[in-house]
Amino acid sequence: MKGGVNVLKNIDPEKFALAVISSTAANSDSPEAIAKEKLKLYVAAFEEAVNYNKTVIAENKEQALKEFYGSK
């Protein structure tokens with residue numbers, strides 16, 4: 001906690017997406033199908049991390065403003 005505020009951390013989208021695809025087994029046999037599956041999963045994970053980070057930024061800003069101006 002920083003100054004009494006619980007500050008949420010951003011996620012590195014690239015690292016997150018790579019972790020997701022490396023920890024998920026492919027459901028296909030052909031290299032092309034596996035590549036497509038992993039690529040779709042990478043893009044989805046990357047986008048989820050970006051969206052999460054937008055939420056984190058908004059929540060951290062809201063918490064900081066509450067602390068600065070006082071909760072009303």
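A polar contact here is a pair of N or O atoms within 3.5 Å; within protein, one must be able to donate a hydrogen and the other to accept it, and residues adjacent in sequence count only if both atoms are side-chain atoms. Keep that in mind for Asp12, which caps the N-terminal end of helix 1, with a side-chain oxygen 2.9 Å from the backbone nitrogen of Glu14.

This is a predicted model, where local features need pLDDT of at least 70, side-chain atom pairs count only at pLDDT 80 or more, and totals for chains, interfaces and linings use all residues. Residues are numbered from 1 along each chain as its sequence is written, and side-chain values use heavy atoms, leaving out hydrogens and water.

Overall, you'll find two helices and zero strands (DSSP runs numbered from the N terminus: H or I of at least four residues for helices, E of at least two for strands). Of the 72 residues, 15% count as buried (under 20% relative accessible area with a 1.4 Å probe, protein chains only; exposed is over 50%).

Now look at helix 1, residues 13–22, where Pro13, Ala17, Val20 and Ile21 are buried. They sit on the same side of helix 1 because they cover an arc of only 90 degrees around the axis, judged by the directions from the helix axis to the C-beta atoms. Turned away from that buried side is the face with exposed Lys15 and Ser22.

So what covers the buried residues of helix 1? The cover includes helix 2, residues 31–69.

How values were computed: Contact means heavy atoms within 4.5 Å.
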